[in-house]
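Here is a report on a two-chain complex. Look over the sequence and the model first, then read on.

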Amino acid sequence: MALTPEDVGRIAHLARLQLSSDEAQQMLGQLNGFFRIVEQMSAVDTRGVEPLSTPLSAVQAVSLRLRADAVTETDQRTANQRSAPSVEEGLFLVPKVIE
Amino acid sequence: MSSPVSAIADLGVAALARAIAQGQFSSVEATQALLRGIEARRDLGAFLAVNPDFALAQARQADQRRVQGQAGPLNGVPLAHKDIFVTDFAASGLPTTAGSKMLAGYASPFDATVVTRLQQAGTVTLGKLNCDEFAMGSSNENSAFGPVRNPWNLQRVPGGSSGGSAAAVAARLIPAATGTDTGGSIRQPASFTGITGIKPTYGVCSRYGMVAFASSLDQAGPMARSAEDCALLLSAMGGFDERDATSAQRPAQDYAALLHAPRPGATAAQPLLGLRIGLPTEFFPAALSADVAAAVRGALAELHKLGATLVDVTLPRTELSIPVYYLIAPAEASSNLGRFDGVKFGHRAAQYGDLMDMYKKTRAEGFGPEVKRRIMIGTYVLSHGYYDAYYLQAQKLRRMIADDFQVCFQQCDIIAGPVAPTVAWKLGDKADDPVQNYLADIFTLPASLAGLPGMSVPAGFAASAEGAGMPVGLQLIGNYFEEGQLLHTAHALQQATDHHLRAPAVQPAPVSGGAAGEMSGQMSGQTSGQTSGQASGQVSA
């Protein structure tokens, strides 16, 4: 089932991407071109197959490592804010979100 | 004119480390020579940032360590990093861009683990290398800072996404570089430029400080001119890192020792005796380019002469790996790239209304077309109502693909085939058709999905007029953590062949340049303004 221009608009909103109408038009064609090669996937019977989310779990049990709940990092605020677009007195500035 | 510059530029990692350790020349001399070479080849577009002052300071420290008897295994060896590894800006003056306008000029507050480990081994960082934006691409044409040219033919792509790394190593600007491989980004550019590169098993190299693309696939690895050099670099780069949640908990490995260790029962003439190499039928389709098929068959015949047995195997879901990869990788990318919102770091749109408008405009301006496409695909397949049909189905197929490999490894020790269906194509040839780019990744995607180690080893050169003498790589895939066996096999091949020793002839630059060492013209990929003509003459030799 091919995507519609409305689908592209909805996905772009979810992805927080502003697309010009030319971009959206081109994106529609390219996404539909791509999903044509995805079709072959849906025909495969995968009943009973466990999804593989991290590769080594194909051959061994993988568990999340835990560490001691201890402070390991020191304050790096100045270095961390060096590449911030807008900063004032150590705070990140954003447009007003609460009226 | 035989200058020490060309002599140093021709040396690999092992030879440079040896020469510096023996005092034949200093790390400062090697660093100066390579900086001059980098300056002279701006036409390749391989470097995004070079900081001669930082490089020479590191080289001086390396020379001091030698005098003090504190030299690490790679003491004084200059190299450069793919610009996907963050480098501490305060220390190095090197920005980290990931090839994206989103991160233009980004000053990282820390070094990636891979960068730290290579520095601890004694290496000297010359600069940062161009790559496809956020490592998404197979031609390096997706970099926001301009394409990279293939030193074998300046009209052709070097492959991607580690295209700057590949071009710089192939052109003898640096003996080695770091790369990252999510779906083939070390192996394919290595193949396209005639160098050697290895993507280790997922989890061998720390992902800490690697700008994330698809976290369950991303893996770092070395790119150099021989298997032996890759082994030395991987020994320094790899190993457990508590800062990476998926780092493999294994003791440190000496890959150079594994590379040199003789196989049980092998002889000098037949060092690969007893090794079973599996050839998946699906890796040799009728559509495979004749140039690639001939070079790969030639390398396989050589491996057979060296004692290996060639057996037919099957990877029946090879073709399916394309949609599976191009759903999983964009899904993870759309999640990882959510952090680029114009608040804490990176680009922010100049004009915007409310917060939502700021997000949307910032991301529209900061990301290039391929990154946007992948974010769109990923967002869609993770969205309500499509998750099961696309993302979950892809993850189930991912397990089936990984299981297929384990069936193969019951019949063979190593899997071999081409890295890519063709040699490097011309710049612009596939730029308008993303799906054509995706299809060309068919032979590298299966090992990526399974998390297996894979490498590209020079196999020969295209013989047809169309192939224009471009290099061809042989892909070797091993079972989990069998990097040593891959490197041993590649080394045996390189002891018997000289494809890896051939260097591209320096071609006339496409734009008119100045005298050697002083290319005129602007450097499109330049983000830092750090590269300058001051590389030479600053420190007395």
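B:Ala98 sits in the loop between helix H5 (89–92) and helix H6 (113–120) of chain B. Helices here are DSSP runs of H or I with at least four residues, strands are runs of E with at least two, and both are numbered from the N terminus. This is a predicted model, in which local features need pLDDT of at least 70 and side-chain atom pairs count only at pLDDT 80 or more, while totals for chains, interfaces and linings use all residues. Residues are numbered from 1 along each chain as its sequence is written, and chains are lettered from A and ligands numbered from 1 in the order in which they are written.

B:Ala98 is not a glycine, yet its phi is positive, near 55°. B:Ala98 counts as buried because it has 29 C-beta neighbours inside 10 Å. The cut-offs: 20 or more other C-beta atoms within 10 Å make a residue buried, 12 or fewer make it exposed, and those in between are partly exposed, with C-beta atoms placed from the backbone.

B:Ala135 also carries a positive phi without being a glycine, at about 65°. It lies in the loop between S3 and H7 of chain B. B:Ala135 is buried, with 29 other C-beta atoms within 10 Å.

The loop between strand S3 (124–129) and helix H7 (163–170) of chain B also holds B:Ser161. The peptide bond from B:Gly160 to B:Ser161 is cis.

| Site | Feature | Value |
|---|---|---|
| B:Ala98 | positive phi | near 55° |
| B:Ala135 | positive phi | about 65° |
| B:Gly160 to B:Ser161 | cis peptide bond, omega | near 10° |

**B:Asp63**

B:Asp63 is part of helix H4 (residues 52–67) of chain B. It is buried, with 21 other C-beta atoms within 10 Å. Which residues does B:Asp63 contact, leaving aside neighbours within four places in sequence? They are B:Ser26, B:Ser27, B:Val28 and B:Gly76. Contact means that the C-beta atoms of two residues, placed from the backbone, lie within 7 Å. B:Gly239 is 176 residues away along the chain, and its C-alpha is 27 Å from that of B:Asp63.

Chain B puts 57 residues in contact with 44 residues of chain A. Elements giving two or more residues to this side of chain B are helix H12 (321–336), helix H13 (355–366), helix H14 (369–381), helix H15 (387–408) and helix H16 (434–439). H15(B) gives the most, with twelve residues.

H15(B) has 22 residues. From first C-alpha to last it reaches 31 Å, close to the expected 32 Å. That expected span is 1.5 Å times one less than the number of residues. H15(B) bends by about 25° at B:Gln393. The bend is the angle between axes fitted to the seven residues ending there and the seven starting there.

**Chain A**

Chain A has three helices and two strands. Their order from the N terminus is α-α-α-β-β. Its radius of gyration is 23 Å, well over the 13 Å that the globule rule gives for 99 residues, so chain A is more spread out than a compact globule. The radius is taken over C-alpha atoms, and the rule is 2.2 Å times the number of residues to the power 0.38. Of the 99 residues, 17% count as buried.

**Confidence**

The mean pLDDT of chain B is 93, and 93% of its residues reach 70 or more. pLDDT is the predictor's confidence in each residue, from 0 to 100. For the complex, the predictor gives an ipTM of 0.96 and a pTM of 0.93.
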